[in-house]
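Please examine the sequence and the model shown below before reading the report. The text then takes up selected features chain by chain.

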Amino acid sequence: MTELFQQVVEGVGSGAVYASLALALVLIHRFTGIVNFAQGELAMISTYVAWQLVASGMSFWLALPVTLAVSFAGGMLVERIVIRPVQNAPELTTVIVTVGLFIFVNAMAGLIWSFTVKDFPQPFPDGGIDLAGVRVDWSTLGIIAVVAVVMGLLYLLFQHTSSGLVMRAVACNPASARLSGIRVGRVLMLGWGLAATVGAVSGVLVAPLLFLEPNMMGGVLIYAFAAATLGGFDSPVGAVVGGLCVGVAETLAGAYVDVVGADLKVGVPLVIILAVLLVRPQGLFGRAAVERA
Amino acid sequence: MRKKTTLRAVAAASAALLLTTACNSQRGQDDKDAAADGACQGQQTTGITDKTIKLGGIYPLSGPASAYGTISKGVSAYFKHVNDKGGIDGRTVEFIVRDDGYQPPKAVEEARRLVEQEKVFAVFQTLGTPSTAAVWDYLDKRKVPQPFVATGASVWGTDDNHPWTTGWQPNYISEARVYAKYLKEEKPKAKVAVLYQNDDFGKDLLGGFEAAVAGSGIKVVAEESYEVTDPSVSAQMTSLARSKADVLLNITTPKFGSQALAADAKNAKWNPLHIVNNVSSSATVLKPVGFKNVQGVVSATYFKDPADPQWADDAEMKTYREALRKHVPGSDPANQFNAYGWAAASSLHKALDAMKCPTREGLRDAVRNLKDVKVDMLLPGVTLSTGPDDAFPIETMQLMRFKGERWQLFGKPVDTRKEFGPPAK
Amino acid sequence: MSTIVATLGTDRARRLRAALTTLLVAAVAVSAPFYFAPFQVFQLTMVLLYAVALAGLNLLVGFGGQISLGHGAFFAAGAYTAAVMLDRYDTGHLATLPVAAAGCFLLGLGFGVPALRLRGLYLALVTLAFAVFLPPLLKRLEPVTGGSMGLTVDKLQPPAWSGMAEDQWTYFVVLAVTAVSLLLARNLLRSRVGRALLAVRDNESAAEVMGVRLSLHKTLAFAWSALFAGVAGCVYTWVIGFVSPDSFSFVLSITLLAGLVVGGLASLYGPLLGAAFVMYVPSVAQDISEAAPGVVFGLLIIAVMFVAPTGLAGLAGRVRGTAARRLIRTTTPAADDDRPSGSEPSAPPTPADPAAVDAEPVGAPPRPEKE
Amino acid sequence: MTEPTTDSTEAGQVNAEPDFLKVAGLHAGYGQARVLQGLDFSVARGEVCAILGPNGAGKTTTLRALCGMVRGRGSVTLNGTELLGRSPEQTARLGVAHVPEGRGTFNDLTVEENLRIGAHVRTGRWRRGSAERVAVAADLERIYDYFPKLRQRSRQAAGSLSGGEQQMLAIGRALMLRPALLLLDEPSLGLAPLVTRELFEIVRAVNEEERTTVVVVEQNAQLALDVAHRAHVLEAGRLLLSGPSREIREDGQVAEVYLGVSVRSAKDGGAP
């Protein structure tokens with residue numbers, strides 16, 4: 001029984017990792033209606049920025065806000081330079097542009113920092129606590145706490161500030177937002193900046209566990225996609241719940257279902273997603289799209 | 001108006017086509033592969049003259065396996081270094097690197113480009129089992145040497161149908177045998193948990209290990225695999241910890257190697273003897289985990305790790321660092337893959353030196369006829385040996401244990417050929 | 001009366017032009033392997049092969065409006081069908097084609113049913129998950145698939161009577177398969193199925209009201225699309241002679257979709273352009289920068305999408321449109337529609353209307369290309 | 001429905017500021033399609049102006065050109081300020097509130113949030129003090145007074161409203177801008193006659209109480225003429241005729257041919 005709980009804790013831990021990136025994906029999707037394939041790579045670059053700052057002697061707690069600020073600016077820049085030129089093109093075109101961005105950023109990171117594994121400072125204390133024989137690392141608790149805080153902050157931003165209201169208006173109906181005098185371009189830049197910042201938090205959280213190298217976020221991205229799909233692509237809460245579900249389900253299935261095993265555990269989220277979407281096509285927390293003829 | 005334009009375009013295009021076909025087509029030149037006279041009469045001299053030798057290599061410079069692409073830099077640095085000193089037997093080496101992104105169809109395309117367009121003398125190194133397997137039939141048919149492929153799959157040596165292809169590094173089965181031998185001596189009743197990468201590399205090493213310990217008191221009690229696309233192996237490590245095994249065999253590539261070492265260090269309740277395979281044994285993998293966390297880890301090796309301070313004053317290592325700095329600025333000399341490339345290239349140098357005829361056939365025979373050839377980047381005691389039916393040049397490895405801030409070699413170099421005989425075909 | 005004559009005239013001219021173009025294309029295609037070096041012929045072969053897969057994907061994405069990020073999986077299924085048949089049963093190459101095609105058709109049919117419930121993005125990501133899942137599954141089925149080492153099988157060999165080199169023979173076989181496939185795709189689109197698909201893409205509810213059997217046609221679109229991918233995969237095995245699970249990672253699926261979008265959705269020759277892009281541009285990228293070909297490749301994808309947001313095929317149309325507009329500017333009266341044509345399904349915009357081309361929503365590209 | 005006191009108001013307005021909105025030589029279109037081919041008209045301050053015409057005449061395009069959604073050539077000045085060449089964001093900041101065809105509500109936002117977005121220009125930028133915020137709160141109440149149904153549903157998502165309520169919300173949102181110029185595009189589209197009538201009553205009330213200048217595009221010419229002081233009839237991108245609503249309505253031929261209003265019914269519903 002203890003072992004089962006241990007595996008659940010393990011699953012929650014990796015689920016929180018997926019959720020952190022899924023949050024960023026959901027943000028971009030709400031604003032632009034696309035999936036951003038480059039989200040993980042942007043997070044990876046942010047993490048390298050943090051690593052570079054720490055390596056050059058800055059303390060971690062100083063490097064972190066600097067990194068977040070750089071990421072915010074970087075995200076805005078990406079929107080302005082890479083996404084804006086195709087904003088009137090079909091959505092798939094924008095998606096493929098993010099694929100191009102993925103390839104570009106990944107190769108760029110390899111060129112600058114090489115593919116050698118880097119160690120990243122762990123912001124949380126080593127060790128953990130023992131709960132009735134189940135060991136929970138501080139780092140796992142830390143990630144969950146940070147993801148919860150990020151989610152809470154996003155909620156506050158969107159529901160209780162006028163900037164958040166404007167952002168939601170743009171996400172909902174950019175044409176009308178424009179007619180109401182909202183500078184939609186700036187708001188979209190803000191949205192990308194925000195998503196890049198959330199992504200940076202994700203990268204900094206996972207880097208001590210996964211070890212930093214240019215392909216660090218590639219695997220996370222796939223699971224983050226799964227998390228966002230499961231939770232519904234419009235809902236930050238859905239992204240987090242989806243991430244935890246995916247993490248726990250694949251860990252348990254991999255460990256306890258022999259037919260699945262560690263090699264096929266990636267199929268477990270697939271089955272869950274399919275089952276959920278067949279019942280609720282908009283995901284667990286997504287809004288149903290109303291089709292008007 | 002538009003009609004006329006189109007018609008005119010059609011006419012022009014047809015004319016252009018006729019013209020180009022009438023001119024010498026690009027075909028046909030292909031068959032004019034050069035042949036030697038004299039003692040080596042009839043043998044192919046494509047890509048080699050008295051002054052030059054043209055080699056090609058296919059590496060993943062892009063895509064998921066691009067971490068290994070840097071091997072090509074070690075190779076390039078070596079050949080440039082040799083060229084500065086007058087070349088190989090007076091021949092300047094031209095080394096062409098192509099990128100296959102770790103995709104077999106791309107590897108086939110690039111192999112054809114190298115052979116048919118660049119007309120290389122040999123395809124020196126293809127990286128990875130899938131890419132190598134995709135091109136070796138073609139190269140064999142074209143009778144192009146494919147020496148020292150950068151993969152340790154056992155199939156390169158056990159196959160009889162591809163005389164033009166040889167391996168280089170100790171094959172994964174041999175490596176597994178070294179660990180099995182060590183365990184039989186140290187922990188004859190060991191219960192072993194295995195973490196392995198779910199591909200040819202992991203399967204080969206795991207299979208070799210299981211075969212080598214069969215019939216002994218050593219039991220594999222748990223196996224967990226991971227995909228290279230997985231973000232982490234922490235769940236697998238938790239599962240393995242449940243087995244309470246007293247040995248952990250860590251068959252991973254660098255990032256996952258670091259993750260597994262870190263997970264093992266973090267788990268205070270489970271302290272198995274940690275054997276990490278050679279691919280992940282570089283100091284660059286261990287350092288991020290923290291040297292204090294990897295004390296006592298065991299591995300085996302065959303070439304000098306440039307990140308290991310014990311080789312800091314080694315003459316070859318100094319040459320290597322200098323050449324890399326000079327010829328491939330911006331690359332990291334401490335990266336073991338650069339040193340791997342360097343070692344493989346200097347091995348090829350020896351083989352080229354040993355050619356009786358300066359022909360493709362000459363190289364094929366020379367590569368298959370190495371006898372205890374010393375290569376300075378390899379560990380002392382590790383040499384190259386091949387035979388007509390032995391395409392594994394390196395089959396000797398030495399065990400090492402991590403202590404303080406460096407690996408310490410222990411025991412004698414283990415010649416797996418002598419100890420266990422050739423791998424099963 | 002005079003207008004009728006004029007129409008007849010232009011119609012004849014158009015037919016003549018089409019015939020001439022076809023003839024020219026055929027002449028170029030047939031003479032190419034005698035002109036180019038074997039390695040270049042091989043590259044052309046690969047372009048043709050990818051074009052088949054992209055044409056299939058085009059049926060689904062371009063004309064059906066359903067996004068699939070899992071077509072690499074169907075490609076892999078076709079490739080493995082051929083490889084396993086050749087390896088275990090020694091059936092000969094030709095026999096593998098119908099089996100791979102039929103198998104993938106059924107597989108696609110099976111996928112099409114749940115796909116009905118999934119819209120846009122969700123379908124895309126579920127298919128992506130499937131593509132991620134396939135390689136480990138192939139490794140698990142080791143007794144059949146050869147596991148992670150893959151299967152090496154015989155490539156196509158030229159029969160003695162042909163007097164051709166291996167690459168030339170392979171090229172002609174693949175050319176034949178491609179030509180048949182592309183014709184089939186074209187005819188499919190002109191059939192009832194195709195018209196129904198277009199109607200569904202443009203306005204699902206309206207099409208349903210009009211009596212289009214929605215679920216049937218969407219499922220069939222998936223099946224046909226899978227069939228093309230499977231055929232391409234089967235031919236891949238003939239050409240490369242080696243399959244392994246890691247050859248068919250999800251990256252292949254993403255590459256296919258990227259190729260299609262770059263080439264041009266809902267265009268008949270877009271798949272060919274896309275296949276050429278996927279085939280040649282990585283090499284070009286490497287020639288530009290050996291240190292990091294990925295940097296150049298990524299930039300090139302972005303650059304093409306900037307220049308040609310509706311794909312390379314659309315770019316040709318836009319250039320032609322601009323030229324045509326210059327010519328007819330003074331003579332043609334303005335169109336009379338009060339609203340831009342993106343907001344509701346209206347009559348297909350005229351070919352030379354860049355505004356309409358630019359304003360297309362996802363999965364609803366401008367129009368089938370005129371030939 | 002009572003006849004507006006067209007003549008008196010009109011006379012008063014014209015004298016005040018006859019060229020509050022002045023459109024001169026306006027050309028506009030989409031890509032190749034040129035819809036407007038040189039349009040000239042003026043709207044006086046405080047006036048309700050109807051733009052009428054058959055389908056495809058360029059009515060919607062005119063509104064879109066005024067607010068910057070469509071690019072145009074020529075000149076459009078509002079109180080002397082050139083509007084052409086500005087984006088919708090910018091014209092909104094100059095006081096042009098456009099209620100687009102199809103309403104353009106923010107369906108995921110609540111009714112009250114929709115209205116607050118309408119006042120974004122006033123409060124959103126650099127927070128213009130609490131006085132403005134108080135004014136916005138007051139405006140909100142005022143809108144609720146005009147549209148009591150919106151007050152009942154202030155916490156509901158806009159997407160859950162009926163068509164008529166959404167149209168009210170759209171107009172309410174536009175009014176939150178405190179516009180100098182209100183552009184209404186086909187407000188009656190898809191609404192029941194009774195609802196439409198109610199809507200137009202409110203438009204008239206707003207115009208009278210707030211002195212807001214209104215330009216309304218309508219298919220339902222009769223309804224529009226009832227509210228408007230003046231009307232402009234377009235055909236194929238050109239101005240066919242202009243004049244006080246009463247004159248337009250009484251020009252039987254025009255009404256029949258271009259407005260789809262039969263002469264008799266127009267007269268029946270017209271002046272007593």
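The UniProt record, an unreviewed entry, places the feature "transmembrane region" at residues 12–28, 60–83, 95–116, 136–158, 187–210 and 216–233 of chain A. UniProt positions are given here in the numbering of this report, feature names are shortened, and annotations may be inferred rather than shown by experiment. The model itself is predicted: local features need pLDDT of at least 70, side-chain atom pairs count only at pLDDT 80 or more, and totals for chains, interfaces and linings use all residues. Residues are numbered from 1 along each chain as its sequence is written, while chains are lettered from A and ligands numbered from 1 in the order in which they are written.

Two of the annotated spans can be described by their secondary structure. Helices (H or I, at least four residues) and strands (E, at least two) are DSSP runs, numbered from the N terminus. Residues 12–28 of chain A are 100% helix and 0% strand, with end C-alpha atoms 24 Å apart. For residues 216–233 of chain A the values are 89% helix and 0% strand, and the end C-alpha atoms lie 23 Å apart.

### Where chain A meets chain C

Two residues are in contact if their C-beta atoms, placed from the backbone, lie within 7 Å. By this criterion, 41 residues of chain A are in contact with 46 residues of chain C. On the chain A side, helix H4 (91–113), helix H9 (216–231), helix H11 (261–264) and helix H12 (267–279) each supply at least two residues. H4(A) gives the most, with 15 residues. The side of chain A that touches chain C divides into 31 nonpolar, 7 polar and 3 charged residues. In this grouping, Ala, Val, Leu, Ile, Met, Phe, Trp, Tyr, Cys and Pro count as nonpolar, Asp, Glu, Lys and Arg as charged, and the others, Gly among them, as polar.

C:Met305 touches residues of chain A: apart from residues up to four places away in sequence, its contacts are A:Val86, A:Thr93, A:Ile96, A:Val97 and A:Gly100. C:Met305 is found in helix H13 (residues 293–307) of chain C. The C-alpha atoms of C:Met305 and C:Val262, 43 residues apart along the chain, are separated by 6.7 Å.

Two packed helices are described by the angle between their axes and the distance between the axes. Helix H3 (residues 71–89) and helix H4 (residues 93–115) of chain C pack at an angle of about 140°, with their axes 9 Å apart. Axes are lines fitted to C-alpha atoms, for helices over the stretch in contact, and angles run from 0 to 180 degrees between N-to-C directions. Residues of H3(C) including C:Phe74, C:Ala77 and C:Gly78 meet residues of H4(C) including C:Ala95, C:Thr96 and C:Val99. The residues of this contact divide into 10 nonpolar, 5 polar and no charged.

C:Gly264 lies in the loop between helix H11 (250–263) and helix H12 (270–288) of chain C. Its C-alpha atom and that of C:Gly311, 47 residues apart along the chain, are separated by 3.8 Å. Among the residues that C:Gly264 touches are C:Gly270, C:Leu273 and C:Thr310.

### Domains of chain B

Chain B is divided into domain 1 (41–170 + 303–394) and domain 2 (172–301), with bounds that come from an automatic or database domain assignment. The centres of these domains of chain B, taken over C-alpha atoms, are separated by 29 Å. Their contact takes 15 residues from domain 1 of chain B and 13 residues from domain 2 of chain B.

### Burial of selected residues

A residue is buried if 20 or more other C-beta atoms lie within 10 Å of its own, exposed if 12 or fewer, and partly exposed in between; C-beta atoms are placed from the backbone. The table applies this scale.

| Residue | C-beta neighbours within 10 Å | Class |
|---|---|---|
| C:Met305 | 26 neighbours | buried |
| B:Lys244 | 13 neighbours | partly exposed |
| D:Arg178 | 17 neighbours | partly exposed |

B:Lys244 has a phi near 55°, a positive value in a residue other than glycine, and D:Arg178 has a positive phi of about 50° although it is not a glycine. D:Arg178 lies in the loop between helix H8 (163–175) and strand E7 (181–185) of chain D. Chain D contains 13 helices and 10 strands, and 49% of its 272 residues count as buried.
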